[in-house]
Amino acid sequence: MAQKRKVTATVISQKQIGEQIYDLWLETKLAKNVHPGQFVAVYPHGESMLLPRPISICETDQADRLRLVYRIAGKGTAEFSACKAGDRMDILGVLGNGFPVEKAKGKRAFLMGGGIGIPPMLELAKVIGEKKQILLGYRNKDIFLEEDLAEYGDVYVATEDGSVGTKGNVMDIIKAYSLQADVIMACGPMPMLRAIKKYAAESGMEAYISLEERMACGVGACLGCVCKTTKVDAHSHVNNARICTEGPVFEAGEVDI
Amino acid sequence: MNTEVKIAGVTFKNPVMTASGTFGSGMEYSDFVDLNKLGAVVTKGVANVPWEGNPTPRVAEVYGGMLNAIGLQNPGIDVFIERDLPFLQNYDTNVIVNVCGKTVEDYLEVVERLSDTAVSMLEINVSCPNVKEGAIAFGQKADSLYDITSQIKKKAKQPVIMKLSPNVTDITEMAKAAEAAGADALSMINTITGMKIDIHRRKFVLANRTGGMSGPAVKPVAVRMVYQTAQAVKIPIIGMGGIGSGEDAVEFLLAGASAVAVGAMNFVNPYTTVEVVEGIEAYMKQYGIENVTDLIGAVE
């Protein structure tokens, strides 16, 4: 894995693609050797805001261009959303383990994304060569990235209000279309991940889920962003794993969520 | 130019250390900085047995700083000695182990286990605000601080640093108690207890409700406490609280600290420790200062 670095990236372009959702392309050497599901931590410029914001990598050209799709969640991300082409942004990366792409080899995969958990599915869909079904959950008709994802697999959409696709969430898509797969890769809100964990256990499937938590250092030092694990973690020697380092992707059975 | 300092007989190539809990056991930041360039690596708190720590969320950003309530999660002294210490011994820097415990016996067990290791100094954590038992309970009353300090001093083979809490009425009373009990040095300040509330959800941001505040916003409090303590005791002080640059470090030295530690600012800039070393050197060059020790307590 490439050495972690803090670098200054240059904004190539940024546009709004949904309600509070922004699509940002950065020029940075961190774009090389990125695994799908890894993330970067982006620093606000305002001196009152100190900590970098963890944002999943949506796409990379594996050379010098990195795409981040994120939602405004507070003052830091609001500041990022105002950045224009040519602006500089300090980023720390590349962080985390990413999805175990090899686990999808020779298998049928569900790629499941909910809300702002959808962006990392794009790089994952590009990298997994096998046939895959991409299940996306949104709140309402304000949907994003589904066209990008449709280039790499069969896309199914669910919305909570039923305005587009299946009414409900990603689990309802599986029922509505009687879809089947052998392995699940997922990122999204905790209720969705809990439902996937339960479904995978009941149907004897492997599931790899990407978690999030409040972070400070992003590199495994501060122990701020831990999740509960079912077995004693090899690094911490207690039932906690660092989401920024051992994660953010865990086999669903390994974590107590 | 001479940046060397001595604390309790231990020589440091420069007065810059890491603040406990912000640097793991050095491994995580060795991607970013050459640990050989630091005066010391001060480890995350180590207890006699593994500790789970607190529920999440454990961290929150506040204006000009952060709150943490990690709760001293650590893998315990066995793993520290087998895994973390050998890693640190690959580097030409002092290793200072932060020791935590729930009872006096817990502390003494860790201190004894470290007695025949290559650890340079022990930093006794009697000031963590985020655990219910032990820790700060020993650090907020002068008589209990005196008691635990003297018991540790009886067993310790390495010089003992007592890490003081700012969450007291008069920190100089605590400093004097530690000195009277035989402490070799003091480190200060640990975090200041704070709280953050999410007004939209009407919930505490941290699962622990309260957390320790650190970062640049606490620096003036820390500088003031280091100054007052330096007036009150003769033992050396390691100063910390929001240090992010050479200028910040010099401020602590002038206030009376013999060395400094970089904490929360590691999270803001993973290269901070080495930049602080270079910043102190730049200041010495600018003002023609030959020995860094000439800066200690030199505020007029």
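**Helix packing and contacts in a predicted model**

Colleague: At what angle do the axes of helix H2 (residues 104–113) and helix H4 (residues 142–155) of chain B cross?

Modeller: The axes of these two helices of chain B come within 9 Å. The model is predicted, with local features needing pLDDT of at least 70, side-chain atom pairs counting only at pLDDT 80 or more, and totals for chains, interfaces and linings using all residues. Helices are DSSP runs (H or I, at least four residues) numbered from the N terminus, as strands are (E, at least two), and axes are lines fitted to C-alpha atoms, for helices over the stretch in contact, with angles from 0 to 180 degrees between N-to-C directions. The crossing angle is roughly 25°.

Colleague: Are H2(B) and H4(B) roughly parallel or roughly antiparallel?

Modeller: Angles under 35 degrees count as roughly parallel, over 145 as roughly antiparallel, 65 to 115 as roughly perpendicular and the rest as oblique. The axes cross at roughly 25°, and therefore H2(B) and H4(B) are roughly parallel.

Colleague: Which residues of H4(B) meet H2(B)?

Modeller: Residues are numbered from 1 along each chain as its sequence is written, and chains are lettered from A. Two residues are in contact if their C-beta atoms, placed from the backbone, lie within 7 Å. From H2(B) come Val104(B), Tyr107(B), Leu108(B), Val111(B) and Glu112(B). Their partners in H4(B) are Ile148(B), Gln151(B), Ile152(B) and Lys155(B).

Colleague: How many residues does chain B give to the contact with chain A?

Modeller: Chain A contributes 24 residues to this contact. The number from chain B is 33.
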